[in-house]
Amino acid sequence: NQPALARVRSLIDLVHWRDPKKSGVVFGVSLLLLLSLAAFSVISVVSYLLLALLCVTISFRIYKSVIQAVQKSNDGHPFKALMEKDVTVPPETFRKHVDVCLTHVNRVLKQMSRLFLVEDLVDSLKLAVVMWLLTYVGAVFNGITILILADILLFSVPPIYEKNKVRVISFSCKSCIVCFKKAFIVEVQIRDYITITSIIIINIAASSN
C-alpha cells in the first residue's frame, strides 16, 4: 500500500499547487490536450503531438551536432544518457498491474450483473434514475466538455478551498445552525398543532356526549 499512498499524496500535492511549476505544466498540458481533442480527432491530436516531439528531438540533435562540429568536441550523442536507461516493463510489474486491473474489472462486471439483472430492485431503480438524469446531461454537454470542466475544477477548487477553509467551515456551521433552528421551529409548530387539534377533538367529543 505504500506506493499507492505515495501516488495519492503526490496527486494531492499536484492539485493543491504545492509545486506551482509542476502543477502549472500538468494543468496546461492536460487542458491543451482536452481542448485539442474537442476540436480535432484523436488520430490528429496524437499525430500532431508525436510530430511536435519528433521535431524538437531532431532539431536538438542537429543543433548539438553542429555545435560539436564547430567546437570539435567528442561529446557524443546528446540523448545517450536517456537511451541507456532501461525503459522495458518487467514481467512482474506487468503481471501485478494486470492482476489489479483484472480485480477491478471483475468487481465492475459483478456489480453490473447485479444491477441489470435486478438482484435488488431499489439499487436497479437508482441506477435507472441516474441514467435518466445523464441523458439530460448528455444533451447539454458531451464527454470532452465534461472532462474539460472536471480538469478546471480539479486544479481550481482545492487551492481556493484551502485558502478560504476557515470561511467555508464557518459558513457551513452557521448554515447548519440555521437549518437546525428552522427544523426545531417546524417540529415545535407541528407538535403544537397536533396538541391543539387533539384538545379540540376531545372537547367536541365531550360536549356531544
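Buried means under 20% relative accessible area, exposed means over 50%, and partly exposed lies in between. Keep these cut-offs at hand for the exercises. The model is predicted.

**Exercise 1. Describe the overall make-up of the protein.**

Step 1. Count the elements. There are eight helices and zero strands.

Step 2. Write the order along the sequence. The pattern reads α-α-α-α-α-α-α-α.

Step 3. Look at burial. The protein has 209 residues, and 9% of them count as buried.

Step 4. Look at contacts between residues at least 6 apart in sequence. Of these, 46% join residues at least 24 apart.

**Exercise 2. Work out how H5 and H6 are arranged, and which residues meet.**

Step 1. Locate the helices. H5 covers residues 91-116, and H6 covers residues 121-140.

Step 2. Read the geometry. The two helices pack at an angle of about 100 degrees, and their axes are 8 Å apart.

Step 3. Name the arrangement. Angles of 65 to 115 degrees count as roughly perpendicular, so H5 and H6 are roughly perpendicular to each other.

Step 4. List the residues that meet. H5 supplies Arg114, Leu115 and Phe116. H6 supplies Asp123, Ser124 and Leu127.

Step 5. Sort them by class. The contact of H5 with H6 has three nonpolar residues, one polar residue and two charged residues.

**Exercise 3. Is Ser124 buried or exposed, and what does it touch?**

Step 1. Ser124 is in helix H6.

Step 2. Apply the cut-off. Ser124 has 12% relative accessibility, so it counts as buried.

Step 3. Leave aside neighbours within four places in sequence. Ser124 is then in contact with Arg114, Leu115 and Val118.

**Exercise 4. Identify the ring pairs made by Trp17 and name their type.**

Step 1. Recall the rule. Rings pair if their centres lie within 6.5 Å, and planes over 60 degrees apart count as edge-to-face. The count by this rule is five aromatic pairs.

Step 2. Take Trp17 with Phe27. Their ring centres are 6.2 Å apart and their planes stand at 65 degrees, so this pair is edge-to-face. The pair links distant parts of the chain, with Trp17 in the loop between helix H1 (2-15) and helix H2 (20-39), and Phe27 in H2, ten residues apart.

Step 3. Take Trp17 with Phe155. The centres are 6.2 Å apart and the planes are at 80 degrees, so this pair is edge-to-face. Phe155 lies in helix H7 (residues 143-163), 138 residues apart from Trp17.

Step 4. Trp17, Phe27 and Phe155 are linked into a cluster by ring pairs.

Step 5. Check accessibility. Trp17 is partly exposed at 28%. Phe155 is buried at 7%.

Step 6. Check the backbone. Phi of Trp17 is near 55 degrees, a positive value in a residue other than glycine.

**Exercise 5. Trace the surroundings of Leu14.**

Step 1. List its contacts beyond four places in sequence. They are Lys22, Ser23, Val26 and Phe155.

Step 2. Compare sequence with space. Leu14 and Leu154 are 140 residues apart in sequence, while their C-alpha atoms are 9.9 Å apart.

Notes: Residues numbered from 1 in each chain as written. Predicted model: local features only at pLDDT ≥ 70, side-chain atom pairs only at ≥ 80, totals over all residues. Heavy atoms only, no water. Phe/Tyr/Trp six-rings, centres within 6.5 Å; stacked < 30°, edge-to-face > 60°. Helix = DSSP H or I, 4+ residues; strand = E, 2+ residues; numbered from the N terminus. Buried < 20%, exposed > 50% of the residue type's maximum accessible area, 1.4 Å probe, protein only. Axes fitted to C-alpha atoms, helices over the stretch in contact; angles between N-to-C directions. Parallel < 35°, antiparallel > 145°, perpendicular 65-115°, else oblique. Contact = heavy atoms within 4.5 Å. Nonpolar A, V, L, I, M, F, W, Y, C, P; charged D, E, K, R; others polar.
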